[in-house]
Amino acid sequence: MHIPFTPNHIQLISACYPPSAALLTSGPEYAPNSQELSRLTYYAANRPEKINKLGSELEKRVKADCRKAASGNTRARASLLITLAIFKALATECRRDMPLLSPSLLSSVNVALSSLSADLEIAARAATVFTTWTTYTDGLIIGVDLKVTDDYMSCLRHFARLGHIEHNDHETRNRTRLIGLAALVGAVNSEALYKPSAQFQPQVSIIMRALLIPLLQVDVSVLNHELGEIKEQPNSPILDEFRSRPTLERRAASIHVHIDGDQGPTSGDVANTALRATSSLLGHTRGLQASLVLQAALDTLDERDGWSQIEHCRWLAEKAAEWTQYQYRYGIPTRLVECLAESQDAPQPTRRHSTLAAMITAVFTSPTPLVNLSTSDIIASLISVTLRRITVSPDDSLLPALVECISSLGTHVYYADQIQDLAEDLIRRLVIVEASGIPGAGKANREKARIQAVRCLLAGLLGLIHAADMHDAGKDADDEGKTVGTSPTLPTPAERMSHDGPGQGHIRPSRRTKVGPEIWQDTLSLLCDSEYAVRADYAMALVAYVENEIPKFADKVDADGVRRPRPLAEGPTQKSNTLNAMLYGDSTTRFLNALHACVYALSTSPKLGLRSSSSPPSPDRTSPAQGDDSSARAGDATSDSVTTERRSMTHPSRSRRTSLVLRMLRDAPARISVSSRVAADLSDFGNILAVLTTVHEQLPVRSLLTGIPMLVALNRAASVADSCDPLTAAAVRAIKELVARAWLVVAKVWDCPAVAEIAEKALSALPSSSSLPSLPDWQFGSLQPPQHPIPLPDGVQLDTPLPDIDADAILEALSSSQNVQEATGLGQHDLLRRLGTDWSPDSAYKDSIETKSRMDSLSGDGLSPLIKVAPALMHAENLSMQSLARSGRGVGVTDLREALEGRSSMSNPNLAGRVPSISTLDHTSSVYPGADQFAKLTPQRSRPQRAKPRPGEVREVLNKLGIGKQNGLGNVKSSFPALQKTQPRNPPTITPPYTT
């Protein structure tokens, strides 16, 4: 009925409704009159100033109909459905002016959901209107208009509640969840979520709660099945496409309830929708937003106690990293590690701790690459968490999971030096823990915590290296059957050899930088640790390192264990390098010197460990061996300060550690006395034999030159003339067997039957006893239970001295071996003198300490003649050739000017009258740090003008070095032509603001 003086916009709205008597019969579509609706939308689209009035009128009708429909009025319910349809039509046609319609539209949807959310048809119609708004809005009104923001957040809460609602009827539950999730999909793909940055976290917290709960309620196999269907069919069969076109060309989704009689949706359909929304959300996030999404998911797991579902959590963490944009994936594991570190002080590990560790491992071991990941920060956090958990309890159940996390960092190698840097971080912390223990550990558990910390760091170090090896093997294009593993637990070297085949002689080059022996050398003192569990773990780690990581320099035995000459590979250059390494030493030779020193100390010392020395400490420094609490606290403080260093150990801590190691080595006797006791167990001698066997097989030449004198000295130390107590006798017999079996290995490697015959004769003469045990198996990437020692047998009696091995005959046989002479490039006399040299553990360890002099830094490094002659040309005040050749300080224009000033009068006369350049030498000499004449130079404005060299001075130096023209008859021009007489430039007339 037409009422006089009714506004035009109200008349247009009223005309869209069917007559009051026909409202109930307008179902099930409950759609407005199409012709009148077209007039209304045309009116609104052409008169934007009337949109606010139209929205206000429709909002009034929605509120009135909701009150009546809540009381059971069916006519009001039908009118409400039609009003919501009108809102959808206006939002679609007036998409350009959406901010004008947004207040009334969101308020109407909020009122409808607050009053009648249990009515699925009304909820579906409200979800359609909400999705239309999210499709076309630019999101700028959110956060600016507080009323609109409150209504929008309230709508999100209503739809999130529908998305994870519980109901006895599974079909009703699934339909309700689909309606809520469909509306949330619209919000996830809307600009309203991403444009207002301040409102992103509150929205994500609401959305993720509804998305995760349906995923946690189905099996992982269902999730994988639905994920496969999503990849095959990107568009949802229930929802329309949302953001494939620009805003003005988008097509809003139409959400509806399933028709009665049709088969209802399953839990897989609900999970499918939730997966689409989650993947879309993570695919649109950037940087910090990805971390906020993950934090919202973790909060949901806290609320719903979802940490017990470890498989689901691992799957979600792995897929979250996969769905996030390539350049922002690093935020996922970073946030997981931060969450683990936030709760590291808990008195007992919870399910949350173990699940977080499993999620971190799953992300790192997944095939998904993680660019921009700060691996150094990640491993520093994981090490801190591990040490903190050990401080709380040395037997903490979370430690194996943390070791797997550390090991998994080697699965993907993002730059060549990554594994070397991470191993250096682990080794730096390892040596600090070995010497100073763990700060904060109680007195009762201090030693136990130190042992467990060393074992955990060792296991993580080995797992890290072997995970990187598996990564290299998986990326090899030649091995089609190999793929990147998804677990840090790697096969043993023997299994890998059986996989590759015994006849495969090709050594695949690695794509990463190997961990150098100069880095690993700091850990060799662990071979002499006071606790057998540490010694056993380190012996296995050392064998694995020598077999797989240390540089071999093409120096390796064949498949049958014999070292044969290779004429093509071992020419004069290789022999010269071997001789230089023998005379001056390289990193591998220094490593072997330190290794053999520690082996000797372990075999003969009465006390083991860096803290067990009986030598008095120096007056200015208290050794932690004395057990003083103040020294322990000082050591802890020192370790805390040292751990802040990122890439280098401080000199005081390194010198302190060196003195502790030397003090321990000095306790090793030159000859075992009758009354002395050996601290090593029978298992230790078996471990030593495994280490020496690996060293001689993997590095035959260097082990020959460094290890043979040690074997001679060890055999001499076990020469006990008188009878001794049973334990000492058992130790002496074990040493004799160890030396004899080591000689057998040397004889096999160098194919010397004479040496083997002497060793076999010595073995047969030994009294019968327990044989040396073999090295236990090691599972890389996991923390194994501690090994228990096999003690020395106590029934050994020595009434007569044990027969000695004829060391002179062995040395004579080795020095006369053709294989040895060809490999070393030395004659028999030189070899005999080298192998028979006097040896002691402290002298060998001192030889392992790298001390480069000024001339040593230039020997054999391939520097160009111009670099060697640079001081004569530059008249440099800093005579450090090492800083000139390999300095990490960048070379700038000032340095080039200073280099040219020394020959300016000859090479470029125009530079003769220049003002001297500004000096930047603000450092001391690296060659003579204590000399006064090379003291630290203070920054100054200008140096005094250097004296110009005579015309013949530079030519004279170059002629001595053989550079440039030697005489006037050559065709090649001299590098420095004769001086040309030119008129120098006039000095500048402007007085500089400084004095020369």
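This is a predicted model: local features need pLDDT of at least 70, side-chain atom pairs count only at pLDDT 80 or more; totals for chains, interfaces and linings use all residues.
**Exercise 1. Y30 in its loop**

Task: Where does Y30 lie, and is Y30 buried or exposed?

Solution. 
- Find the loop. Y30 lies between α1 (8-15) and α2 (34-46).
- Read the backbone angle. Phi of Y30 is near 50°, a positive value in a residue other than glycine.
- Take the accessibility. Y30 has 12% relative accessibility.
- Apply the cut-off. Buried means under 20% relative accessible area.
- Conclude. Y30 therefore counts as buried.

**Exercise 2. Helices α25 and α29**

Task: How are α25 and α29 oriented to each other, and which residues make the contact?

Solution. 
- Two packed helices are described by the angle between their axes and the distance between the axes.
- Take the values. Helix α25 (residues 587-604) packs with helix α29 (residues 700-717) at an angle of about 15°, and the axes are 9 Å apart.
- Classify the angle. Angles under 35 degrees count as roughly parallel. The helices α25 and α29 are therefore roughly parallel to each other.
- The crossing of α25 and α29 is right-handed.
- List the contact. From α25 come T588, T589, L592, N593, H596, V599, Y600, S603 and T604, and from α29 come R702, S703, T706, G707, M710, A713, L714 and A717.
- Sort these residues. The contact of α25 with α29 has seven nonpolar, nine polar and one charged.

**Exercise 3. Helices α8 and α12**

Task: What is the hand of the crossing of α8 and α12, and how do the contact residues divide?

Solution. 
- Take the geometry. Helix α8 (residues 170-188) and helix α12 (residues 267-284) have axes 9 Å apart, at an angle of about 15°.
- Classify. With that angle, α8 is roughly parallel to α12.
- The crossing of α8 and α12 is left-handed.
- Name the residues. On α8 they are R173, N174, R177, L178, L181, V185 and V188, and on α12 they are S267, D269, V270, T273, A274, A277, S280, L281 and H284.
- Divide them. The contact of α8 with α12 has eight nonpolar, five polar and three charged.

**Exercise 4. Two aromatic pairs**

Task: How many aromatic pairs does the structure hold, and why is the pair of F130 and F159 called tilted?

Solution. 
- Count. There are ten aromatic pairs.
- Take F130 and F159. Their ring centres are 5.1 Å apart and their planes lie at 45°, so the pair is tilted.
- F130 is in helix α6 (residues 120-136) and F159 is in helix α7 (residues 146-163), so the pair ties together parts 29 residues apart in sequence.
- Check burial. Both F130 and F159 are buried.
- Turn to W520 and Y538. Their ring centres are 6.4 Å apart and their planes lie at 25°, so this pair is stacked.
- W520 belongs to helix α22 (residues 517-520) and Y538 to helix α23 (residues 532-548), so the pair ties together parts 18 residues apart in sequence.
- Check burial again. W520 is buried, at 0% relative accessible area. Y538 counts as buried, at 0% relative accessibility.
- Return to F130 and F159. Together with W133 and Y152 they form one aromatic cluster.

**Exercise 5. The whole chain**

Task: How many helices and strands does the chain have?

Solution. 
- Count elements. The chain has 41 helices and zero strands.
- Take burial. Of its 996 residues, 51% count as buried.
- Take contacts. Among those with a separation of 6 or more, 80% are between residues 24 or more positions apart.

Definitions and conventions. Residues are numbered from 1 along each chain as its sequence is written. Side-chain values use heavy atoms; hydrogens and water are left out. Axes are lines fitted to C-alpha atoms, for helices over the stretch in contact, and angles run from 0 to 180 degrees between N-to-C directions. Helices (H or I, at least four residues) and strands (E, at least two) are DSSP runs, numbered from the N terminus. Angles under 35 degrees count as roughly parallel, over 145 as roughly antiparallel, 65 to 115 as roughly perpendicular and the rest as oblique. A crossing is left-handed if the near helix is turned anticlockwise from the far one by less than a right angle, and right-handed if clockwise. Contact means heavy atoms within 4.5 Å. Ala, Val, Leu, Ile, Met, Phe, Trp, Tyr, Cys and Pro count as nonpolar, Asp, Glu, Lys and Arg as charged, and the others, Gly among them, as polar. Rings of Phe, Tyr and Trp (its six-membered ring) pair if their centres lie within 6.5 Å; planes under 30 degrees apart count as stacked, over 60 as edge-to-face and the rest as tilted. Buried means under 20% relative accessible area, exposed over 50%, partly exposed in between (1.4 Å probe, protein chains only).
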